[in-house]
Amino acid sequence: MEAVQPYTRRVFFYETDKMQIMHHSNYIRIFEESRVDFLRQIGLPFGVIEDAGYMMPVLSVNCVYKSPLRFDESFAVYPTVTFFNGIRLEMAYKVISVETGRLCVEGTSSHCFTDENLKPVSVKRKNPEIYEAFKSHAAD
């Protein structure tokens with residue numbers, strides 16, 4: 001299993017508020033961006049998951065703010081799978097300033113694999129290759 005690289009970019013001007021710090025709502029978007037990048041890196045871009053007939057709705061998101069990111073500051077997001085059972089997926093995120101190394105935000109998100117009718121389904125039985133790709137990156 002190849003290590004997943006952190007998701008990196010800079011804070012865009014439109015993401016900041018009057019104090020030139022990233023608005024709190026944008027960290028949830030950053031989690032989503034890093035999750036999409038993570039899926040691509042493990043060989044499961046959303047297109048592959050959707051082509052297999054699955055959706056991955058968000059069940060919950062949590063975000064704890066430690067230190068603000070500022071306009072044009074580089075940051076890295078380290079996503080990890082903290083739980084996966086073939087139906088439910090839980091991820092954790094650490095957002096780190098590249099310039100200073102400080103922890104800016106920690107968060108989590110919870111997801112469920114469903115069919116097109118939003119009925120929960122197990123990928124373990126129907127698509128073991130998808131199951132194994134997630135399980136091989138899970139910390140549990």
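Trainee: Why is the pair of arginine 9 and glutamate 15 called a salt bridge?

Mentor: A salt bridge is a side-chain nitrogen of Lys or Arg within 4 Å of a carboxyl oxygen of Asp or Glu. The side chains of arginine 9 and glutamate 15 meet with N and O at 2.6 Å, which is within the 4 Å limit, so the name applies. The model is predicted: local features need pLDDT of at least 70, and side-chain atom pairs count only at pLDDT 80 or more, whereas totals for chains, interfaces and linings use all residues. Residues are numbered from 1 along each chain as its sequence is written, and side-chain values use heavy atoms, with hydrogens and water left out.

Trainee: How do you know whether arginine 9 is buried or exposed?

Mentor: Buried means under 20% relative accessible area, exposed over 50%, and partly exposed in between (1.4 Å probe, protein chains only). Arginine 9 has 13% relative accessibility and is therefore buried.

Trainee: What makes aspartate 72 and arginine 10 a salt bridge?

Mentor: The closest N and O atoms of aspartate 72 and arginine 10 are 3.9 Å apart, and this value is within 4 Å, so the pair qualifies. Aspartate 72 lies in the loop between strand E2 (58-65) and strand E3 (74-84), while arginine 10 lies in strand E1 (residues 7-10), so the pair ties together parts that are 62 residues apart in sequence. Helices (H or I, at least four residues) and strands (E, at least two) are DSSP runs, numbered from the N terminus. Aspartate 72 has a relative accessible area of 39% and is partly exposed; arginine 10, at 38%, is also partly exposed.

Trainee: How far apart in helix H1 are arginine 40 and aspartate 37?

Mentor: Arginine 40 and aspartate 37 are three residues apart in helix H1 (residues 26-41), which separates them by about one helical turn. Their side chains meet in a salt bridge, at 2.5 Å from N to O. Aspartate 37 counts as buried at 13% relative accessibility. Elsewhere, salt bridges that share partners join Arg9, Glu15 and Glu33 into one network. The structure holds ten salt bridges.

Trainee: How do you know how the reach of H1 stands against the expected span?

Mentor: The expected span of a helix is 1.5 Å times one less than its number of residues. H1 has 16 residues and reaches 23 Å from its first C-alpha to its last, close to the 22 Å expected. The buried residues of H1 include Tyr27, Ile30, Phe31, Phe38 and Leu39. Just after H1, glycine 43 takes a positive phi of about 85°.

Trainee: What makes a set of residues a nonpolar core?

Mentor: A nonpolar core is a set of buried Ala, Val, Leu, Ile, Met, Phe, Trp, Tyr and Cys residues joined through side-chain atoms within 4.5 Å. The largest one here has 33 residues, and among those with the most contacts inside it are Ile49, Phe84 and Phe134. H1, E3, strand E4 (88-97), E5 and helix H4 (128-135) each supply at least two residues of this core, and H1 gives the most, with five. In soluble globular proteins, nonpolar side chains tend to be buried together.

Trainee: Which residues does phenylalanine 134 touch?

Mentor: Contact means heavy atoms within 4.5 Å. Not counting residues up to four places away in sequence, phenylalanine 134 touches residues including Leu39, Ile49, Met56, Phe84 and Phe113.

Trainee: Why is cysteine 104 called buried?

Mentor: Cysteine 104 has a relative accessible area of 0%, which is under 20%, so the word buried applies. Cysteine 104 is placed in strand E5 (residues 103-112).

Trainee: Why is lysine 94 called partly exposed?

Mentor: Lysine 94 has a relative accessible area of 39%, which falls between 20% and 50%, so it is partly exposed. Lysine 94 belongs to strand E4.
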